[in-house]
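Colleague: I am new to this one. Could you take me through it, a question at a time?

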Amino acid sequence: MDVYQAATLASLVERESVYDEEMSLIASVFINRLRIGMTLGSDPTIQYALGYDSHQPNLVDKSA
C-alpha cells in the first residue's frame, strides 16, 4: 500500500467511525477485505462521491 492509498483508507476509516476507539478495528476489517479482494462495503465511499458534508448533524451527533 502506498502513501496515497493509506491516506485514502485513513479518510474512509475516519468517516466510517463514530468513536476514535473503533478506528483500529474498522481499519483492520478494511485491510482484511482488501487482502482477499472483497469490496469495502463502506458508506463513506458513496458519501464522498455525493459530496456529503461531515458537519451535517446525524443521529449520532447529539450536539445539533
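Modeller: A term to begin with: contact means heavy atoms within 4.5 Å. The model is predicted, so local features need pLDDT of at least 70 and side-chain atom pairs count only at pLDDT 80 or more, while totals for chains, interfaces and linings use all residues. Residues are numbered from 1 along each chain as its sequence is written, and side-chain values use heavy atoms, leaving out hydrogens and water.

Colleague: Which residues does Ser 42 touch, not counting those up to four places away in sequence?

Modeller: Ser 42 sits in the loop between H2 and H3. Leaving out residues up to four places away in sequence, Ser 42 touches Glu 16 and Phe 30.

Colleague: Does Ser 42 count as buried or exposed?

Modeller: Buried means under 20% relative accessible area, exposed over 50%, and partly exposed in between (1.4 Å probe, protein chains only). Ser 42 has 7% relative accessibility, so it counts as buried.

Colleague: With which side chain does the side chain of Ser 42 make a polar contact?

Modeller: A polar contact is a pair of N or O atoms within 3.5 Å; within protein, one must be able to donate a hydrogen and the other to accept it, and residues adjacent in sequence count only if both atoms are side-chain atoms. At 3.0 Å, the partner of the Ser 42 side chain is the side chain of Glu 16.

Colleague: What pattern does the protein chain follow along the sequence?

Modeller: Helices (H or I, at least four residues) and strands (E, at least two) are DSSP runs, numbered from the N terminus. The protein chain has three helices and zero strands. Read along the sequence, the pattern is α-α-α.

Colleague: Which residues of H1 are buried?

Modeller: H1 covers residues 3–16, and Val 3, Tyr 4 and Glu 14 are exposed on its other side. The buried residues of H1 are Leu 9, Leu 12 and Val 13.

Colleague: Why do the buried residues of H1 line one face of the helix?

Modeller: The arc is that of the directions from the helix axis to the C-beta atoms. The buried residues line one face because, seen down the axis of H1, they fall within an arc of 100 degrees.

Colleague: In which helix is confidence lowest?

Modeller: Confidence is given as pLDDT, the predictor's score for each residue, from 0 to 100. The protein chain averages 80, and helix H2 (residues 23–35) is highest at 94. Where pLDDT is low, the predicted coordinates should not be read in detail. The lowest confidence, at a mean of 70, is in helix H3.

Methods:
The expected span of a helix is 1.5 Å times one less than its number of residues.
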